[in-house]
Structure formats: C-alpha cells, structure tokens
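Visitor: Could you walk me through this one slowly? I am new to reading structures.
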Amino acid sequence: MNAGVEFDWRALSLQELFPPSEELQSKNPMGLVPVLEPDDGLAVIDSPEILNYIDDWITPLWSRERLTGIRSRRLSAMSQGIMTYAVREFQGLRVTSPLSGETESNIVLIGRVLAGVNSEIQNNAAALCFDENNFTQAAWDIAATLDYLDFRMSSLLDWRGKCGPLAAFFEKFKAERIFQDTRPVS
Ligand SMILES: N[C@@H](CCC(=O)N[C@@H](CS)C(=O)NCC(=O)O)C(=O)O
C-alpha cells in the first residue's frame, strides 16, 4: 500500500461476490468489497471508512492543516461521486427526477464534478496532491477515477479538452508503475 502499511491481500472471485458469499456477508452485511480486517477483530467496511481508519489508527493520510484537510477530503469525495455516476452509466442506470420525470445524464453530472476537481487542481495542486514529493491520498483517488473514465468511458467523454490542469496532473501519474497497462497472462 502506498502509505507503507503492511497487509495481506485477498482477492475474491466473481462467484464470491455475485451473490456475496456467507463469509463476505458476515464481514460486511452489504456484501461489498473492499473490507479491511485488522488483526484484532471487527472488519472495517466501505472505502472512505477504511481510509479514515488508516488515518486514525495507522498512519496519517489527510493533511492536519484544517483547510487543506477539508479540501483533500472534498477531492476524495468528488472522486467517489464521479465513480458512482460512471458505474451507473456503465450499468445503464439513470436517475429520474421525481418532480419532472426528466432523466439526468450521467455524463453531464460527471462533467460538472470534473470541473470542480479541475479548478481545485488548478488553484491548489501543490498543497493537495503532493506531500514532500509523494502523491497524497487525494491525488491517488483522483487518478484512479480518471483512469476508470479512460478505461470505461473514453468514447463518451473527452474530459481532457475541458480540464487542462487536470490532464497535466494525470500525465505525471501515468508514469507510476501501478498505472502502466498490463496484459492478461495466457
Ligand atoms: N461504497 C462502497 C462501494 C463498494 C462497491 O461497490 N464494491 C463493488 C466492487 S468495486 C462490489 O463489491 N460489488 C459487488 C456487488 O455489487 O454485489 C465502497 O466505497 O467501498
């Protein structure tokens, strides 16, 4: 893990996820991954809570400077929001207004959040994305989200055209080993 935390990784098969196995349900009643199991017991569930657990009990992930801390967590939350809309789009789901019956476009929603992320990066990249030359948790969250957009939605969304500073930030990230393209082993 980037924060230098030692852990054993256990990947679940699709059979264990759809539907969730009894074992997964016993750890997370929502039947979702990721789940973090500390050595001494109760499983920590939901990725933002896992980050908070690491920050509280293992190693700081978020800036202790109040405004930078809030901004960083906002970026992380916006990254998760974009992922929610992107997964909806991939699954063919759209939210319908209970008032007008109109359907919201996931692409428009993603564009709006990306504009917010882009302006934060434009104004505060140094404080929000780099901590003594290391990428911060917020930077990892944004980069993972942008990579997912490239992977699933590149034909629907040309985010680089409207978000120059964000595109420049992401280029730096693409050099990281974890973002290199892989090939399935035959
Ligand atoms: N809010 C949850 C979402 C987790 C989530 O959707 N996990 C997916 C895999 S990335 C999953 O477990 N899907 C199984 C299912 O939907 O049954 C989090 O951030 O941890």
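Visitor: How much of the protein chain is buried?
Guide: Of its 186 residues, 20% count as buried, where buried means that 20 or more other C-beta atoms, placed from the backbone, lie within 10 Å of the residue's own. This is a predicted model, in which local features need pLDDT of at least 70 and side-chain atom pairs count only at pLDDT 80 or more, while totals for chains, interfaces and linings use all residues. Residues are numbered from 1 along each chain as its sequence is written.

Visitor: And what does the secondary structure come to?
Guide: The protein chain has eight helices and four strands, which are DSSP runs numbered from the N terminus, with at least four residues of H or I for a helix and at least two of E for a strand. Along the sequence the pattern reads α-α-β-β-α-α-α-β-β-α-α-α.

Visitor: What does helix α5 span between its end C-alpha atoms?
Guide: Helix α5, residues 106-129, spans only 26 Å, whereas a straight helix of 24 residues would span 34 Å, taking 1.5 Å times one less than the number of residues.

Visitor: Where does α5 bend?
Guide: The bend is at Asn-123 and comes to about 85 degrees, as the angle between axes fitted to the seven residues ending there and the seven starting there.

Visitor: Which residues of α5 are buried?
Guide: Among them are Asn-106, Ile-110, Leu-114 and Val-117. The buried residues of α5 pack against several elements, including α4 (66-90) and α6 (137-153), with contact meaning C-beta atoms, placed from the backbone, within 7 Å.

Methods:
A residue is buried if 20 or more other C-beta atoms lie within 10 Å of its own, exposed if 12 or fewer, and partly exposed in between; C-beta atoms are placed from the backbone. Two residues are in contact if their C-beta atoms, placed from the backbone, lie within 7 Å.
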